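Morning, everyone. Have the sequence and the model open, please. I'll start with a term, then move to the protein.

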Amino acid sequence: MNTDSAHNYIPLPDDFSFPYQPYSIQNDLMKEIFECCEKGKVGILESPTGTGKSLSTLCSVLTWLRLKKLQIDDNGKELEKKIKMLEEAAKNNSNWIEIMKERHNLMKESETAFEKQEKMRRVNEIIKKSKENRWSKSQLKEKENIRKRKVTENIERNDEGIDSDDDEFAPKSEEINFLSEKDFFTEKEEPIRTIQIIYASRTHSQLVQLLDELAKTKFEPNVALLRSRAMLCVNDDVSSLGNVSLINEKCNELMNNKNSTSKKYKNSSEDLTNIKKSNCKCPYSSQKAIEDLADQILNREGLDPEVLLSFGRKNYACPYFATRKAAGLCDLVLTPYNILLNQRAREVWNLSLKDSIIVIDEAHNLLETISYIYSTEIDQKILLSFVSLLRDYFDHYEKRFNLKTKQQFRVFKKIVGNMYNMLNNKEISNNTMTTTKFLYDSEALDLNLFKIMSSFDDSQLWRKLHGFYLTNASKRVHIKNNEKNPNKGIQESVSPVYIIKTFLESFLESHDDSLIAFENIDVNIKKVKFFLLNPAEKLKQIVKESKALLLIGGTMKPIDQLLDAFKRVCSISNETIATFSCNHVVDKNQLIVMVSGSSPSGVPLNFTFEERNNVEMLKGLVESIIEIASVVPNGIVAFFPSYTCLEIFKNLLNNNKELQEKLGNTKEIFYESKENVTFIWNKYTSKALSQKGAILFGVVGGKLSEGINFADKLGRSVIMIGLPFPNKNSIEISAKMNYLEKSVSPSAGISFYNSLCMHAVNQGIGRAIRHRNDYSTIILLDRRYQNESIQKQLPNWIVDKIIKCETFKDITDNCTSFFKNKI
């Protein structure tokens, strides 16, 4: 965390340019965010969904940025005045030594201030030039025609003399050096950057929604929306390859300007896929065209993602490289988690965190998100398929390998073969080992695996292996089709190349806090997984370099794991961490929360793992839901702890027509599935708005429990069935719990385990109440919800609305009374 000197402190403003009359809780949130930005703090901020937290966050951070730029502009002049005053004061003053010491300190600050001023001047100069390069419609058409003509001429000229018999997938005998990502940045001096707000969210759609929120304000920052190369590629020959890693490699190859031919092969769906090498650079790689497109990003003409892609196609300019070029000069950088939270991804984008304000939205699962980003796994089938591929490729092209490459390939085959043998070893089933031991036992360390992988990168061998596999896989599919067994053939044609490459690359990130787990998938198949025991380690650089870090969510509790991450791992003091939680914008008469530990007939509701098949309890659950459904209008969503529990419940209803008919007469019934989510959602939406209404049974942690908007009639009640505790016997969870108990405290493991459950509960609950005028009920069905220790981990805006119910009749009576004057 970087903080400014005391006299540089920006006082809290009276106005944040909020587009509407803000509620008091919105004002409180904006003030807290501003203070965190100015004082260089880590903020853990909770503001319920529907309270305008995104708009409040944007207005606060952009107000701070505006005032910070004004301060930088004024600081140099103010310091100059103070220095001159001290020089005058020192004349004929007996205390002149102390005065000159103060002058000396101010001189240092002055140098820093003028350095910042100069950087800002240079940034403003570039922005001014970009505005002068704003494209009109006529210029856009003219540029399109000129560039199209140039590209066509270039392709025709380069089409002459191409050897069409060249084997696309063969290794080259000569040593080849390809451009790496860093080669696109040729400046020796540090790139010019502005002070930035880096805003991260889970998905690209959420970031696009943030642009809609930004449009409601008076702020007009320069914005860069970071997306993958695959999403920004406008070269159809490259983007049609589908695989992200393949697109990245093909793009780099075209940028390196190597001669070759086009090759077509059939993929597993019998479609022709073109791997096209060009003997000219990618037609969208013109430096002038990319600079022009970067200018449109800087002057906000390319703010809309679809407009940016359209500009790129029409003007033969790559949106990916244009975004990378413009990103460092943009006030606001919007990025998905996997770019911000992954160090290698940040390096690819040249995304600097220094002195930036970093906002992470929906940050309740931050540590688990980091774990997910860095974890990889492979199973025996994938590994065996890759071993076979290496053997076939080597046999086919052995004569075309030079001695060095042949030796490297043999060594690589040995390492991968050793890993496969380790997976076959029955003694290490359902066990763990350190990454160092795994690499040592597979001989990866002794045989220099990472140097070989780097060599494969340089020679594009991963892409060649992938293409060789798909070409031969299409033949196998064709054979299987003739044998009237097509499904097996298609399944076998899933390329293992980039799955293996990703798994091996994870060891480049490994350290003492990572682990390898061997786990049985079924009787015949085992998998090996790389994962982090201490994901908080990945936050250290972010915390160290940023000006302030803001973690914002609708339901941040419980926060014990985050506090431990910042205090113990990132060495942040208590004073540098700010926590904030505000109430909801809705009044008390718009939400009630109730808990029941038994059904209407008195059957205990205790949905533990051991009791999940208890028929009497499940019948009691159906009875409870029927009672609730009879007094709640329109739509109800009920969340189960897992898909297994949902299936058990569904089977009970299917086998008990009386109960199914009784519930079906009350509400139309829908079930979440892992597929066809959109179809089910549309059907539910239609029925929920009808007079009869509908009930949707979902799963905590499924697609419906996060990100879906159950506003108004779609969610007049949210029912949480049981507590979604993860499997404590899972190798990964067990290993993390053991690590925390040894590294932190004896109770840290169980605290981590409980937090996984309660974060999931709180996200599900957050589906209710989506805006100021919404109203809903939340009903928690499990006797464990009656425990004070559980209730304390619910969001504050939920806890103060819990109504104590002695019997189930109290729940139905409260619901009847609640909805009486609202229908």
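A nonpolar core is a set of buried Ala, Val, Leu, Ile, Met, Phe, Trp, Tyr and Cys residues joined through side-chain atoms within 4.5 Å. Buried means under 20% relative accessible area, with a 1.4 Å probe and protein chains only.

Two notes on the source. This is a predicted model: local features need pLDDT of at least 70, side-chain atom pairs count only at pLDDT 80 or more, and totals for chains, interfaces and linings use all residues. Residues are numbered from 1 along each chain as its sequence is written, and side-chain values use heavy atoms, leaving out hydrogens and water.

Now the whole protein. It has 823 residues, and 53% of them count as buried. There are 32 helices and 20 strands. These are DSSP runs numbered from the N terminus: helices are H or I, at least four residues, and strands are E, at least two.

Next, the cores. The largest nonpolar core has 116 residues. Which of them touch the most other members? Ile360, Phe412, Phe438, Leu551 and Phe566. Helix α16, residues 403-424, gives the most to this core: nine residues. A second, separate core has 76 residues, including Leu62, Leu332, Ile552 and Phe580.

Look at Phe438. Leaving aside residues up to four places away in sequence, Phe438 touches Met419, Met422, Met433, Phe503, Phe507, Ile516, Phe518 and Val528. Contact here means heavy atoms within 4.5 Å.

Why do such cores form? In soluble globular proteins, nonpolar side chains tend to be buried together.

Methods:
Buried < 20%, exposed > 50% of the residue type's maximum accessible area, 1.4 Å probe, protein only.
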